[in-house]
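Trainee: Could you show me how to read a structure like this one, starting with a single residue?

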Amino acid sequence: MNQAQVFRVDGMTCGHCEAAVRMVFEQLPGIVEVRVDRAAGLVNALGEGAIDTAALARALEDEGFSLVSEGA
């Protein structure tokens with residue numbers, strides 16, 4: 001069963017940032033759909049189960065972004 005989760009991500013300032021954050025999420029195992037709202041700093045992710053937030057935080061940091069919180 002798919003599970004929706006919302007994440008607050010800091011550091012998105014442009015369309016390129018938005019695309020980079022989307023790519024980070026899409027590379028995580030089990031991700032089905034990703035919607036990024038750069039203006040609000042939110043990412044809605046639909047996955048096949050819970051998303052590994054520690055792995056997500058590391059991947060975002062590698063790209064220059066910060067995982068601020070899970071849930072909005």
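Mentor: Let's begin with Gln 5, which is buried, with a relative accessible area of 8%. Keep in mind that this is a predicted model. The cut-off for buried is under 20%, so Gln 5 counts as buried at 8%.

Trainee: Where is Gln 5 placed?

Mentor: Gln 5 sits in strand β1, which covers residues 3-10.

Trainee: Which residues does Gln 5 touch, beyond those up to four places away in sequence?

Mentor: They are Val 43, Asn 44, Ala 45, Gly 49, Ala 50, Ile 51 and Glu 70. Take Glu 70: 65 residues separate it from Gln 5 in sequence, yet their C-alpha atoms are 7.5 Å apart in space.

Trainee: What joins the side chains of Gln 5 and Glu 70?

Mentor: A polar contact of 2.5 Å. The side chain of Gln 5 also has a polar atom 3.0 Å from the backbone nitrogen of Ile 51.

Trainee: Now for helices. How do I read which way their residues point?

Mentor: An α-helix has 3.6 residues a turn, so residues three or four places apart point the same way. Here, look at α1, where Cys 17, Glu 18, Ala 20, Val 21, Val 24 and Phe 25 are buried. These residues are on the same side of α1 because they cover an arc of only 165° around the axis.

Trainee: What covers the buried residues of α1?

Mentor: The cover includes β1, β2, β3 and α2. As for its length, α1 has 12 residues and spans 16 Å from first C-alpha to last, close to the 16 Å expected at 1.5 Å a residue.

Trainee: And the nonpolar core: which residues touch the most other members?

Mentor: In the largest nonpolar core, with 18 residues, they are Val 9, Val 21, Phe 25, Leu 56, Leu 60 and Phe 65. Two or more residues come from each of β1, α1, β2, β3 and α2, and α1 gives the largest share, 5 residues.

Trainee: What is Phe 65 in contact with, leaving aside neighbours within four places in sequence?

Mentor: Its contacts are Val 9, Asp 10, Gly 11, Met 12, Cys 17, Ala 20, Val 21 and Leu 60.

Methods. Residues numbered from 1 in each chain as written. Predicted model: local features only at pLDDT ≥ 70, side-chain atom pairs only at ≥ 80, totals over all residues. Heavy atoms only, no water. Helix = DSSP H or I, 4+ residues; strand = E, 2+ residues; numbered from the N terminus. Buried < 20%, exposed > 50% of the residue type's maximum accessible area, 1.4 Å probe, protein only. Contact = heavy atoms within 4.5 Å. Polar contact = N/O pair within 3.5 Å; in protein donor to acceptor, adjacent residues only side chain to side chain. Core = buried A, V, L, I, M, F, W, Y, C linked by side-chain atoms within 4.5 Å. Expected span 1.5 Å × (residues − 1). Arc of directions from axis to C-beta.
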